[in-house]
Amino acid sequence: MTEQKTLVLTGASRGIGHATVKRFSAEGWRVLTCSRQPFDPRCPWPGGEENHIQIDLADPNKTIEAIATIKSKINGRLHALVNNAGIQDRQYLLDESAQGWDRIHAVNVRGTFLMMREAAKAMVAGEQGGRIINIASATVAGMIVKGGLSYTASKGAVMAMSGTSALELAPHR
């Protein structure tokens, strides 16, 4: 019998997150879902409530607390992380506030960084290797989007972090 694989998924409350948890659950994975909302009992996957972590990636202290909870649930065995959580706005440069910029970067960049760093530590320590998937959005594939400067910049940062981390972590599988 093979070991059940474990996935941590941020942004699990709807859309791509729901589709991801359904797919991985159907394939036999244990999925730890993370979102700003408490677990919704209508979510149709096994172990939903006990495998849900409420996390506010905009707050670094709450993120670190949630990561500690995740660590206690995975027992050193993590095979994949999908960073799907993200927020956006449609502010133009002339209308963007520093607070709006900071809020988006707190979730999309810092939250992604913290989750990546801790997942990578668990994967390297567990010696099983693993995969980290960061959703950077098809919207910014060309990296030029009208209206949404802070969002586009944050997703460009996620793309850069993903490439750099892939090179750094390659020796660890």
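Leaving aside neighbours within four places in sequence, Asn-83 is in contact (heavy atoms within 4.5 Å) with Thr-10, Thr-112, Met-115, Met-116, Ile-132, Ile-133, Asn-134 and Ile-135. The model is a predicted one, in which local features need pLDDT of at least 70 and side-chain atom pairs count only at pLDDT 80 or more, while totals for chains, interfaces and linings use all residues. Residues are numbered from 1 along each chain as its sequence is written, and side-chain values use heavy atoms, with hydrogens and water left out.

Asn-83 lies in strand β4; helices (H or I, at least four residues) and strands (E, at least two) are DSSP runs numbered from the N terminus. With a relative accessible area of 3%, Asn-83 is buried, where buried means under 20% relative accessible area, exposed over 50%, and partly exposed in between (1.4 Å probe, protein chains only). The side chain of Asn-83 also makes a polar contact with that of Asn-134, at 2.8 Å. A polar contact is a pair of N or O atoms within 3.5 Å; within protein, one must be able to donate a hydrogen and the other to accept it, and residues adjacent in sequence count only if both atoms are side-chain atoms.

Helix α2 comes next. It comprises residues 60–74, and its 15 residues reach 21 Å from the first C-alpha to the last, close to the 21 Å expected at 1.5 Å a residue; the expected span is 1.5 Å times one less than the number of residues. Thr-63, Ala-66, Ile-67, Ile-70 and Ile-74 are the buried residues named in α2. They lie on the same side of α2 because they cover an arc of only 110° around the axis, the arc being that of the directions from the helix axis to the C-beta atoms. On the other side of α2, Asn-61, Glu-65 and Ser-72 are exposed. The cover over the buried residues of α2 includes β1 (6–10), β2 (30–35), β3 (52–54) and α3 (98–126).

At the start of α2, a side-chain oxygen of Asp-59 comes to within 2.9 Å of the backbone nitrogen of Asn-61. Ile-64, also found in α2, is partly exposed, with a relative accessible area of 42%. Beyond its neighbours within four places in sequence, Ile-64 is in contact with Leu-114 and Arg-117. Ile-64 and Leu-114 are 50 residues apart in sequence, and their C-alpha atoms are 7.9 Å apart in space.

After α2 comes Asn-75, whose phi is positive, near 50°. Most residues other than glycine have a negative phi. Arg-173, in the segment after α4, likewise is not a glycine and has a positive phi, of about 65°; Arg-173 counts as exposed, at 55% relative accessibility. In the loop between α2 and β4 (80–83) is His-79, which is buried with a relative accessible area of 11%. Apart from neighbours within four places in sequence, the contacts of His-79 include Glu-3, Trp-29, Met-123 and Arg-131.

Rolling a probe the size of a water molecule over the atoms shows where empty space is left. On a 1 Å grid over the protein atoms alone, a cavity is a set of points where a 1.4 Å probe fits but cannot get out, and a pocket is an open set with protein on both sides within 12 Å along at least five of seven lines; lining residues have an atom within 4 Å of a point. Grid points are joined across faces, edges and corners, and a volume is the space filled by probe spheres set on the points.

The structure holds one cavity of 30 Å³ or more, and the largest cavity has a volume of about 110 Å³. Its lining includes Val-8, Ile-67, Ile-70, Ile-74, Met-115 and Ala-119. The elements that give two or more residues to this lining are α2 and α3.

The largest pocket has a volume of about 480 Å³. Of the 25 residues that line it, Gly-11, Arg-14, Asn-84, Ala-85 and Gly-86 lie nearest its centre. Two or more lining residues come from each of α1 (15–26), β2 and α4 (149–169).

Gly-15 is found in α1 and counts as exposed, at 55% relative accessibility. Between Gly-15 and Asn-84 there are 9.9 Å in space, C-alpha to C-alpha, although they are 69 residues apart in sequence. In α4, the buried residues include Ser-150, Tyr-151, Val-158 and Met-161, and the buried residues of this helix pack against α3 and β5 (131–134).
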